[in-house]
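Visitor: I would like a close look at the aromatic rings in this model and at what surrounds them, with the cut-offs spelled out as we go.

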Amino acid sequence: ESLGYSVRVELGERSYDIVIGKGNLAGLGERLSEFGFSRRIAVISNPTVFSIYGRSVIDPLKGYGFECLEILIPDGEEYKDYLWSYYILTELLKNRLDRRSCLIALGGGVIGDITGFVASIYMRGISFVQVPTTLLAQVDSSVGGKTGVNHYLGKNMIGTFFQPRIVWIDTDTLKTLPEREFLGGLSEVIKYGVIWDENLFKFLRDNRESITALDHSAMTHIIKRSCEIKAEVVSRDEREAGLRAILNFGHTIGHAIETLTGYRRYIHGEAVSIGMRAEARLSMTLGIAEKGVDDEIRSILSSYRLPVNLPDGINEDEIINSMQIDKKAISGKLRFILPERIGKVRIQEVTDSNSITEAIRFCR
C-alpha cells in the first residue's frame, strides 16, 4: 500500500515514474540511491512545508549517504521570481553542488516550478526530483516538465521545458494542507474532467463528501487519474505544439486575473476556476458548447466553493490586454481551450474581442 501506484510518463530516454503512495516519504532515499547522483544534493522548500516534512525527507536521505543542503524561500506565488531563483543558484554554487548533484523540490507548485527552472540552468542542467505536497502540484504542476518563474508583466514568462527524474507523491501530505489550497487543487482536477474524462467529472460531482473528507480511496483515484491524463497528453506533445495546449483550459483568462491582481488575491486554482467558468461561457457565446455545459461547469466549481465570478475593479479591456502578452497568444491572436461537451474541448483562435468581452462581463 505504501508504495501504492506508479504512472509512467513516456518520453523516450527522458521517461520517468510518478509514484503515488500513502506515508511513503521515508522510501525516497532508497529510490534516489538507485540513480547514481553524487552525494551532495539540495532540498528546496519553504519554511511552512519544511517545518512539517523536512525531516521526513532528509533523515532517510542521510541514511543513504546523501549530504543535504537545505534552501528555503518564502511561501507564496509572489516569491516565484527571478531574484529568488538567483538566490538558490548562489547557494548551490557556494556549497559546490556539481553536475551529478540533484535538487529535490519539496512543496507546492511554486517550489516545483522554481526548483525545476534552477535545475535546468545550473551548470546547463542537473537532475531534479519533484516531491509535491499540495494537491495542485500532485495532479498538475509537478508532472510534465514545465518550469519557470513569474515576471510582473506576466506569469511563467521566464522558464524552460525540463523533466524531473521522478515524481514522488505522498497523499498523507494533503492532511496538513489548508482547505483553501486543497480546494484550489481540485480546480485542476475538475479541469481534467472537462478536457478529457467525463467519468472523472461525474466522479467529482457525485463524491464530493468523500473527496472533501480526504477519503483515501477517493483521493488516490482522482490523483492517479489526473496524473494518467497529464502523462498521456505530455507524452504525445511535450512542448505544446498542439494537443498539450488543452491543459490550459481556464488558464488563458485565469493567468490574466493572477497577473492583474499581483498574484496576491487569488491562489492559482481559484483564478483558474474563474477562468474555466468564463471560457465555458465564451464557448456558449460562440456556439461551440452543447447547451448547458457552462452551467454544469459553474455548478461543480461552486459546489467545491471555488470562485466563479470576476473580481470588481478589473475591467474586460485589462484582461484582454494581459492575455495578449501571455505566451499562449500567438502573433496577437488569442487562443482559447473551449469545451464542446464535458470530456471534450477544442483549441480555438478567437479574433472577435466583443465575444470575449461579453463572456467576461457575463461572469461579473
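Visitor: Over the ring of which residue does the charged end of lysine 191 sit, and how far is that end from the ring centre?

Guide: This is a predicted model, in which local features need pLDDT of at least 70 and side-chain atom pairs count only at pLDDT 80 or more, while totals for chains, interfaces and linings use all residues. Residues are numbered from 1 along each chain as its sequence is written, and side-chain values use heavy atoms, with hydrogens and water left out.

The ring you ask about belongs to tyrosine 192, and the charged end of lysine 191 sits over that ring at 4.9 Å from its centre; a charge sits over a ring if NZ of Lys or CZ of Arg is within 6 Å of the ring centre and within 35 degrees of the ring normal. Arginine 281 makes such an arrangement with phenylalanine 362, its charged end lying over the ring at 3.7 Å from the centre.

Tryptophan 84 and tyrosine 87 form an edge-to-face pair, because their ring centres are 5.2 Å apart and their planes stand at 75° (rings of Phe, Tyr and Trp, the last by its six-membered ring, pair if their centres lie within 6.5 Å, with planes under 30 degrees apart counted as stacked, over 60 as edge-to-face and the rest as tilted). These two residues are three apart in helix α3 (residues 82-94), so about one helical turn separates them; helices (H or I, at least four residues) and strands (E, at least two) are DSSP runs, numbered from the N terminus. Tryptophan 84 is partly exposed at a relative accessible area of 25%, and tyrosine 87 is partly exposed at 33%, where buried means under 20%, exposed over 50% and partly exposed in between (1.4 Å probe, protein chains only).

Phenylalanine 128 and phenylalanine 162 make a stacked pair, with 6.1 Å between centres and 15° between planes. Since phenylalanine 128 lies in strand β6 (residues 127-132) and phenylalanine 162 in the loop between β8 (154-161) and β9 (166-170), the pair ties together parts that are 34 residues apart in sequence. Phenylalanine 128 counts as buried because its relative accessibility is 1%, whereas phenylalanine 162, at 22%, counts as partly exposed. Ring pairs also link Tyr79, Trp84 and Tyr87 into a cluster.

Two helices complete the view. Histidine 268 lies in helix α11 (residues 268-285) and, with 13% relative accessibility, counts as buried. Its side chain is joined to that of glutamate 188 by a polar contact of 3.0 Å, meaning a pair of N or O atoms within 3.5 Å; within protein, one must be able to donate a hydrogen and the other to accept it, and residues adjacent in sequence count only if both atoms are side-chain atoms. Beyond neighbours within four places in sequence, histidine 268 is in contact (heavy atoms within 4.5 Å) with Leu136, Lys155, Glu188, His251, His255 and Glu258.

In helix α14 (residues 353-362), the buried residues are Ser355, Ile356, Thr357, Ala359 and Ile360, and their cover includes α10, α11, α13, β10 (334-341) and β11 (344-350). The N-terminal end of α14 is capped by aspartate 352, one of whose side-chain oxygens lies 3.0 Å from the backbone nitrogen of asparagine 354.
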